[in-house]
Amino acid sequence: MESDPALFSATELLSTYSQKTLSPVEVTKAVLERIEKYNPVFNAFRIFDADSALNEAKASETRWSQGKPCGLVDGIPVTIKDLVATKGWSTRRGSLTTSDDGPWDEDAPLVARLRSHGAILLGKTTTPEYGWKGVTDSPLTGITRNPWDPAKTPGGSSGGAAAAAAACMGPLHHGSDGGGSIRMPSGYTGIYGLKPTFGRVPTWPASGFGTLSHQGPMTRTVDDAALMLTVMAEADPRDWYALPSSEINWRDSIGRSVKGWRIAYSPDLGHAKVDPEIAALVKSAAETFVTLGAHIEEVDPGLGNQHDLFRTFWYTGAARLQKTMSTDELELLDPGFREVGIEGADITLDQYLNANSEREIAGTKLNQFFAKYDLLLTPTLPITAFEAGEEVPKDSGMDRWTRWTPFSYPFNLGRHPAASIPCGLCSNGLPAGLQIVGPMNRDDRVLTASRAYEMCHPIQLPDLND
């Protein structure tokens, strides 16, 4: 273990609490000190509430001293992305069209579950406006930056959570993912991020982007992600789309073998252009599974380029979010978000219904593909992090963020579980990510493979000269 409590994983902290070598108050103070030091550099938090966190830590410390922790994450600092409702804190969604005015009197399901298990809520992390793009800057909070290089983006839309995780400003972080918004920032910041099967984590209110959006954990270890998912996935009747209730402990997936598994590997999904360094790192990562006893087969799942299909759903979602805004509110929006909403409003009902049929066909194709393979491996992203404050890399000729992330949104359209785990550094010193995709409802396989890979290649964090 490290000497600084802020650098401990959640599972390590629970061990120290049980052994009474650390207390939740000591840990929370250490994490808050780190937030005070690094948040001005990386801008990961919209708000953090030191007084509330310390009060919760004192209550947790009392429970642990009595040998009566109230749940699986009692005393563990956690952050919530600022798209999700939190009792007592405003939810601004990265937008000047929102207000701090309440009442803020209800928790979203995942927040309620974390509270009931004793988590210490630190604050709310930054997001682009309404989570609309794959980088994190907004009219409300400005630019969020990458701990590996503050001149670079951490990705998005869960960029605040990713930056907080990579800079060790808390061990557990909530993210949401409608087109890669957990996996993209995890890939750019070198942390672990899991987008579970759609409906695994109950969501309320529903996302403006509909059934594309998933909720999941962003952490510095696979064990911590499994722990956090176990808590967040508990049932809540407010989510009409939620999967049937189960009492799965996702930590049970950790430590199993992948020996004998048949794993597909696609370096480009049949169409994407990938930076050669990233391609080499991802290929080497895939070969790691051979040493673990799995059978690796390079194969194209046959999905084709789904950019235009995803665009139909994403742009109509943006139009829907903007439909009820006043003229004055529309003028406050991020110009890119406004443009996407205008384009989405021109998509006809026939086009939307045709896209829905195409999505169904693609989802069935993926299900049939996973009848043959236990997992699919791809790059998380085809490029490393680029300039902070830009939607696309400068001089790339790309029009929108969806052009540089061809590996993520196919599995939002399909609703399958997918994770990003770091697989090395490129020559520019920035992380590359391996994406691990599983069959529908087999989040356990994704976690098993992620942990097996992590055991061979432990996650490396940026050196912040501590």
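Helix H3 is followed by Gly67, a residue whose phi is positive, near 70 degrees. This is a predicted model of a chain with 14 helices and 13 strands.

**Helix H3**
- H3 covers residues 50–65, which makes 16 residues. From first C-alpha to last the helix reaches 22 Å, close to the 22 Å expected at 1.5 Å a residue.
- Its buried residues are Ala53, Ala57, Ser60 and Trp64. Seen down the axis of H3, the buried residues fall within an arc of 65 degrees, so they line one face of the helix.
- The face turned away from the buried side of H3 carries Asp51 and Ser65, which are exposed.

**The chain as a whole**
- For 466 residues, a compact globule would have a radius of gyration near 23 Å; the chain has 21 Å, which agrees.
- Taken along the principal axes, the box filled by the C-alpha atoms is roughly 60 × 60 × 45 Å.
- Of the 466 residues, 60% count as buried.
- The accessible surface of the chain comes to about 17,600 Å². Carbon and sulfur atoms account for 48% of that surface.
- Among contacts in the chain with a separation of 6 or more, 78% are between residues 24 or more positions apart.

**Nonpolar cores**
- In soluble globular proteins, nonpolar side chains tend to be buried together.
- The largest nonpolar core in this chain has 80 residues. Those with the most contacts inside it are Leu114, Met169, Tyr192, Phe289, Leu434, Ile436 and Leu447.
- A second, separate core has 31 residues, among them Trp132, Tyr315, Val340 and Tyr409.
- Leu447, one of the residues with the most contacts inside the largest core, touches Tyr192, Leu194, Val222, Ala226, Leu229, Trp250, Ser253 and Ile254, not counting residues up to four places away in sequence.

**Helix H4**
- H4 spans residues 109–116 and is mostly covered, with 6 of its 8 residues buried.
- The buried residues are Pro109, Leu110, Val111, Ala112, Arg113 and Leu114. Leu114 is also named among the residues with the most contacts inside the largest nonpolar core.
- The cover over the buried residues of H4 includes strand S2 (77–81), S3, strand S6 (172–177), strand S8 (214–219) and helix H7 (222–232).

**Helix H9**
- H9 runs over residues 307–322 and has 16 residues. Its reach from first C-alpha to last is 22 Å, close to the 22 Å expected at 1.5 Å a residue.
- In H9, 13 of the 16 residues are buried, so the helix is largely enclosed by the rest of the structure.

**Val135**
- Val135 is found in the loop between S3 and strand S4 (137–138).
- Val135 has 1% relative accessibility and therefore counts as buried, the cut-off being under 20%.
- Leaving aside neighbours within four places in sequence, Val135 is in contact with Pro128, Thr153, Gly155, Gly156, Phe386, Glu390, Glu391 and Trp404.
- Val135 and Ser181 are 46 residues apart in sequence, while their C-alpha atoms are 8.6 Å apart in space.

Note on methods
Residues are numbered from 1 along each chain as its sequence is written. Side-chain values use heavy atoms; hydrogens and water are left out. Helices (H or I, at least four residues) and strands (E, at least two) are DSSP runs, numbered from the N terminus. The expected span of a helix is 1.5 Å times one less than its number of residues. Buried means under 20% relative accessible area, exposed over 50%, partly exposed in between (1.4 Å probe, protein chains only). The arc is that of the directions from the helix axis to the C-beta atoms. The radius of gyration is taken over C-alpha atoms; the globule rule is 2.2 Å times the number of residues to the power 0.38. Contact means heavy atoms within 4.5 Å. Accessible areas come from the Shrake-Rupley method with a 1.4 Å probe; for residues, only the protein chains shown count as cover. A nonpolar core is a set of buried Ala, Val, Leu, Ile, Met, Phe, Trp, Tyr and Cys residues joined through side-chain atoms within 4.5 Å.
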